[in-house]
Structure formats: C-alpha cells, structure tokens
Amino acid sequence: MRTLSLLLALLCVFTMNASKAEAKSADAFFKRFQVVRAADGKLIGIRDRTLPVKFSVTPYVNMVRSQLLQEQSLINNNVTNYDAEVKNVLEEGMDYNFDGSKQEFDQNVEVVVDSLKKLAVLNIDFIFSHQIFLDVVNQFQGKMTDAILMLDPTMIANVNDSTYFYKRNVTYKAVTWGLDFARKRMSNLPMLNTVSYVIVQVEKLITERRQFHQNMLMHYLENFKEEELGLTHDEVNLIWSSIYESRIDWFAFWESSAAKNNWLKYGVNNFYTNYRLATTNLKNAGSIYTEVSDRMNYAFQKVSYNNEKVVVNLFDKESMLQNRPAVAYNYDRPTQVVRKRVMLSLAGLGLSFVPMGAIFKDNIDAFIKSFYQKQKITEGALYGYFESNSDSTGLARVQAQYLNPFDGLAL
C-alpha cells in the first residue's frame with residue numbers, strides 16, 4: 001500500500017512538472033490576478049481584475065429571451081425531427097456500465113423533450129415586456145445588489161481569515177425574497193414560472209463566478225513555480241486553503257472547523273486527494289478511449305473518443321446516469337457542448353410546466369443539471385490552460401459554453 005501511494009505521488013509530481021514545462025509564461029497570470037499584500041508585505045489574498053463589481057440582471061434576461069426565441073423557432077419549424085434531434089444530443093456516446101439503465105435514461109429523456117416542447121407556446125414578448133415582470137426583476141436586482149455589496153466580488157482567495165467565505169453565503173436571502181415577492185405580484189403562471197426561473201438562475205450564475213475563476217487560478221498554481229507567480233511555497237498553500245474553504249457548504253460547520261485547525265495544509269491536502277481521484281477516474285475509463293495524450297492540468301485530459309479529438313473532465317461525469325468523464329471540449333465539433341447546455345438549461349424552465357409529482361420532478365431536474373451544472377464551473381481550469389497557452393480559439397469556445405453573461409473573462 002505504501003509503495004502504491006509513493007507511485008501515485010511520483011506520478012502527480014511528474015505530470016505537474018511536465019505541465020509546467022509546456023506552459024508558455026506567467027504573463028497572463030499577472031494580467032488577470034492581483035496579489036494583494038499588506039504594507040508589511042504579508043499576503044492578504046488574490047483578486048481577479050476581470051470580475052465585474054457592478055451588477056445588472058439585464059444581460060441574463062436578454063440571453064434567456066434570445067435563447068427561448070431561438071428554441072421556439074427550432075421546435076416550430078422542425079416539428080417532425082425535433083424530438084429525434086434532442087434525443088440524439090443526449091444519447092450521444094451512451095454507456096450504461098455503472099450508474100443507470102437504458103430504460104431509466106430513456107424515460108428521463110422523454111420528459112426533457114416534453115419540457116422543451118412546453119416552451120413552444122410561451123408568449124415570450126408578452127412575458128418579458130410586461131410591467132409586472134420588469135418590476136419584479138428590478139426589485140430583485142436591488143436586493144441582489146445589496147447582497148453583493150456585502151462581499152468583495154473580485155476577491156477569490158483570502159489567506160488571513162479561515163472562515164472568510166463561510167460567513168458570506170448571503171445571496172440566497174435575495175432569492176428567497178425575490179421568489180416570495182413574485183408569487184405575491186403575479187397570477188399568470190407562465191410569467192411566474194419564467195421570472196422564478198430567472199431569479200434562481202441569476203443567483204447561481206453570480207455565485208459560481210468565484211469558483212470558475214478559482215479553478216483558473218488553480219491551473220496557474222499547479223503549473224507554474226511559486227517564484228514565477230511572485231509567491232512563496234507557504235503562501236501558495238494558504239491560497240489553496242482559502243479556495244477550498246470557500247467551497248464548504250454553509251451548514252458544514254465541522255468542515256469549517258477542520259479548515260481553521262489545519263489552515264496551512266487544508267487546501268493542498270484537498271487538492272492532492274482530488275488529483276489522485278481524477279487520475280483514478282481516467283484509469284477506470286481508459287478502455288473507452290482509442291488514444292490518451294496530454295494531461296492538461298489537474299482536471300482535464302486530451303483523449304480520442306468515438307474517433308474524435310476531445311478534452312475530458314476528470315472531475316465530473318457526463319451525467320448522473322453516465323459514469324464516464326464528461327466531454328468538456330470537442331476539437332472536431334466545437335458547438336457540441338454549448339448546444340447541449342443551452343437545450344438542457346431551457347428544459348429546466350420547461351419542466352415547470354410539466355404536470356407531475358414534486359418528487360419525480362425533482363429527480364428529472366437533477367438529471368438535467370447533472371449534464372452541465374458542475375462541469376461548466378470546473379472548466380475554469382480549462383480556460384486557465386487555454387489562457388496560459390495563448391489559445392484564443394479555446395478561450396472563445398469555453399466562454400461560449402460557460403453560459404454566464406455576468407462574467408468578464410477577457411483580459
């Protein structure tokens with residue numbers, strides 16, 4: 001067992017060193033990130049210069065409206081083939097080796113198709129231009145702005161406070177208020193369901209920005225030497241700890257205590273544990289790939305799958321019923337991932353119009369989100385890879401499938 005652990009550790013070191021040799025320079029790190037220090041030179045944390053401070057709901061409302069209109073056009077102009085096209089997108093590369101059955105998967109896909117087709121009859125212009133809809137959105141925007149002002153949205157690591165992020169889970173209060181306010185103001189079900197969807201998704205997109213950018217930062221921490229980033233070994237360890245502290249659930253006080261009691265090593269221990277798990281995931285899935293090439297960083301690997309050159313996500317599965325690593329990037333079909341995600345995110349809205357029991361609906365909602373919710377956040381590390389290698393094509397494609405209009409990614 002000790003020998004195996006040593007071999008895994010050596011594998012991690014070898015892979016990380018190889019990645020460091022491949023990376024071009026740390027210039028992009030300094031353009032994006034600000035290393036914040038006190039007057040005495042002591043590290044305070046890391047800021048991302050590109051994260052916007054001002055907040056407006058408008059970019060997301062416009063994006064959803066545009067997506068709905070485009071999907072309606074696809075449904076109404078392709079009545080005979082739309083169902084088949086949706087199924088083909090979801091069933092691509094199916095496997096049932098571990099987590100699901102074909103019958104269960106097919107049943108879920110049928111509900112997804114039904115959910116999307118419910119959107120065909122929405123009067124989108126009426127809903128999005130109605131004064132009550134606009135008022136609810138504006139009032140919610142005010143509450144979210146107040147919540148964001150309680151944070152520093154540009155700070156993605158704070159090494160001097162081991163409960164810095166744990167104490168700042170405040171945006172959910174704005175969601176609770178917004179949903180209650182909408183129910184009191186609206187009697188039109190399509191309008192209520194749509195604005196509720198917008199409220200919930202806006203909060204998720206705002207809160208996930210930090211983790212996406214932290215994953216970018218983790219790419220740099222892994223693939224560049226400390227001195228190249230203007231940091232010491234212990235400072236890097238503290239940054240790891242702050243990143244992982246920020247991912248502790250608000251109710252997990254015991255984990256917050258564990259982070260505080262082992263602050264210097266908490267993050268780096270988590271990182272290497274997850275790195276080894278990712279390596280195991282690659283090993284377990286290896287037989288389905290015709291070629292395994294470069295490990296890009298801790299989370300992403302270049303492989304050949306189904307005769308296509310793709311990048312797979314070693315942290316997240318393709319879906320809750322497909323155990324293989326998710327395809328994060330397809331060199332041969334660059335729109336594959338973004339199309340699936342737009343379709344599924346809209347299916348989440350359409351599901352609110354499907355008559356079924358709450359438990360079953362929750363299961364379908366979990367099935368839908370399992371295709372993209374975690375995957376697109378982890379792809380911050382993929383964005384970091386493309387950024388550090390000056391790959392503008394890769395950057396544009398990852399940003400497109402990130403589907404977050406609140407994020408200022410460009411340097």
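Author: This is a predicted model. The largest cavity has 14 lining residues, and Gln 201, Leu 205, Ser 345, Tyr 372 and Lys 376 are the ones nearest its centre.

Reader: What volume does the largest cavity have?

Author: The space in the largest cavity comes to about 190 Å³.

Reader: How many cavities of 30 Å³ or more turn up in the whole structure?

Author: Two.

Reader: Back to the largest cavity. Which elements give two or more residues to its lining?

Author: Those are α3 (58–77) and α9. The largest share is from α9, at five residues.

Reader: And what is the lining by class?

Author: In the largest cavity, six lining residues are nonpolar, four are polar and four are charged.

Reader: Which of them gives the most?

Author: α9, with six residues. By class, the lining of this second largest pocket has seven nonpolar, six polar and five charged residues.

Reader: Where does α13 sit relative to the strands?

Author: Helix α13, residues 336–350, lies across β6 (308–319) and β7, and its angle to β7 is about 115°.

Reader: What is the strand order in that sheet?

Author: The sheet is open, with four strands in the order β4-β5-β6-β7 and antiparallel pairing. β4 (291–295) and β7 (322–330) are the edge strands with a single partner each, so one side of each has no neighbour in the sheet. From one strand to the next the twist averages 40°.

Reader: How many bridges join β4 to β5?

Author: Three, and the two strands run antiparallel, with β5 covering residues 300–305. Val 292 is opposite Val 303 of β5.

Reader: Last topic, α16. Why is it described as largely enclosed?

Author: Nine of the nine residues in helix α16 (380–388) are buried, so the rest of the structure largely encloses it. Among the buried residues are Tyr 383, Tyr 385, Phe 386 and Glu 387.

Reader: What about the phi of Ser 390?

Author: Ser 390 follows α16 and has a positive phi, near 55°.

Technical notes. Residues are numbered from 1 along each chain as its sequence is written. This is a predicted model: local features need pLDDT of at least 70, side-chain atom pairs count only at pLDDT 80 or more; totals for chains, interfaces and linings use all residues. Side-chain values use heavy atoms; hydrogens and water are left out. Two strands pair if DSSP finds at least two bridges between them. Axes are lines fitted to C-alpha atoms, for helices over the stretch in contact, and angles run from 0 to 180 degrees between N-to-C directions. Contact means heavy atoms within 4.5 Å. Ala, Val, Leu, Ile, Met, Phe, Trp, Tyr, Cys and Pro count as nonpolar, Asp, Glu, Lys and Arg as charged, and the others, Gly among them, as polar. Buried means under 20% relative accessible area, exposed over 50%, partly exposed in between (1.4 Å probe, protein chains only). On a 1 Å grid over the protein atoms alone, a cavity is a set of points where a 1.4 Å probe fits but cannot get out, and a pocket is an open set with protein on both sides within 12 Å along at least five of seven lines; lining residues have an atom within 4 Å of a point. Grid points are joined across faces, edges and corners, and a volume is the space filled by probe spheres set on the points.
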